[in-house]
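Please walk me through this model, with the criteria behind each term stated as the terms come up.

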Amino acid sequence: MGTLKIDILGTSFTIQASEDTEYLEKLLAYYKKITSDVNNISSVKTPLQNSILAGIMLVDELYQEKKKVTALQEGKEVSISSTNSIDEIEINQRTSDMISKIDEVL
C-alpha cells in the first residue's frame, strides 16, 4: 500500500492506495504535466477549470488508446506515430471549445 501527498492547483491532501508510492508519484507527475500544459495553452481562469480540462484530456488520451487496442485486436492497421501525443493545434481547439462550454454552464 502506498501513500501520496498531493499538492496541486491550490489544494493539498494525502491519499492511501493499493498501489506503491513510486507508482502514485509517477501518476501525479504526469497529471501535473497535463495541468501545466493546459495552463500554458489556454486561458483557463480557475484551478477547477484547469483540473476539469486536464481530466478531459486524460480521458481522451485513454479513449484513443483503447480504440487502438480494439483496432489491433480486430486486426486493423494502427498508426503508432501518434501514440501518447496530441497535435498542439488540436489541443488548443479542444481546450477553447471546453472553456466555452464551461463558461456557458457557469
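The side chains of K68 and E65 meet in a salt bridge at 3.5 Å, N to O, where a salt bridge is a side-chain nitrogen of Lys or Arg within 4 Å of a carboxyl oxygen of Asp or Glu. Both residues lie in helix α2, three residues apart, which is about one turn of the helix; helices here are DSSP runs (H or I, at least four residues), numbered from the N terminus. K68 counts as buried because its relative accessibility is 14%, whereas E65, at 24%, is partly exposed; buried means under 20% relative accessible area, exposed over 50%, and partly exposed in between, with a 1.4 Å probe and protein chains only.

This is a predicted model, in which local features need pLDDT of at least 70 and side-chain atom pairs count only at pLDDT 80 or more, while totals for chains, interfaces and linings use all residues. Residues are numbered from 1 along each chain as its sequence is written, and side-chain values use heavy atoms, with hydrogens and water left out.

The structure holds three salt bridges, and helix α1 (residues 21-41) carries the pairs E22 with K26, at 3.7 Å, N to O, and K33 with D37, at 2.9 Å, N to O. E22 and K26 are separated by about one helical turn because they are four residues apart in α1, and K33 and D37 are likewise four residues apart in that helix. An α-helix has 3.6 residues a turn, so residues three or four places apart point the same way. E22 is exposed, at 52%, as is K26, at 54%, whereas K33 is partly exposed, at 45%, and D37 is partly exposed, at 27%.

Helix α2 (residues 47-73) has 27 residues that should span 39 Å at 1.5 Å a residue, and its end C-alpha atoms are 39 Å apart, which agrees; the expected span is 1.5 Å times one less than the number of residues. After α2 comes G75, whose phi is positive, near 80 degrees.

The largest nonpolar core has nine residues, namely I34, V38, V44, L53, A54, M57, M98, I99 and I102, a core being a set of buried Ala, Val, Leu, Ile, Met, Phe, Trp, Tyr and Cys residues joined through side-chain atoms within 4.5 Å. Helices α1, α2 and α3 (88-105) each give two or more residues to this core. Apart from it lies another core of five residues, among them L4, I6, L24 and L28.
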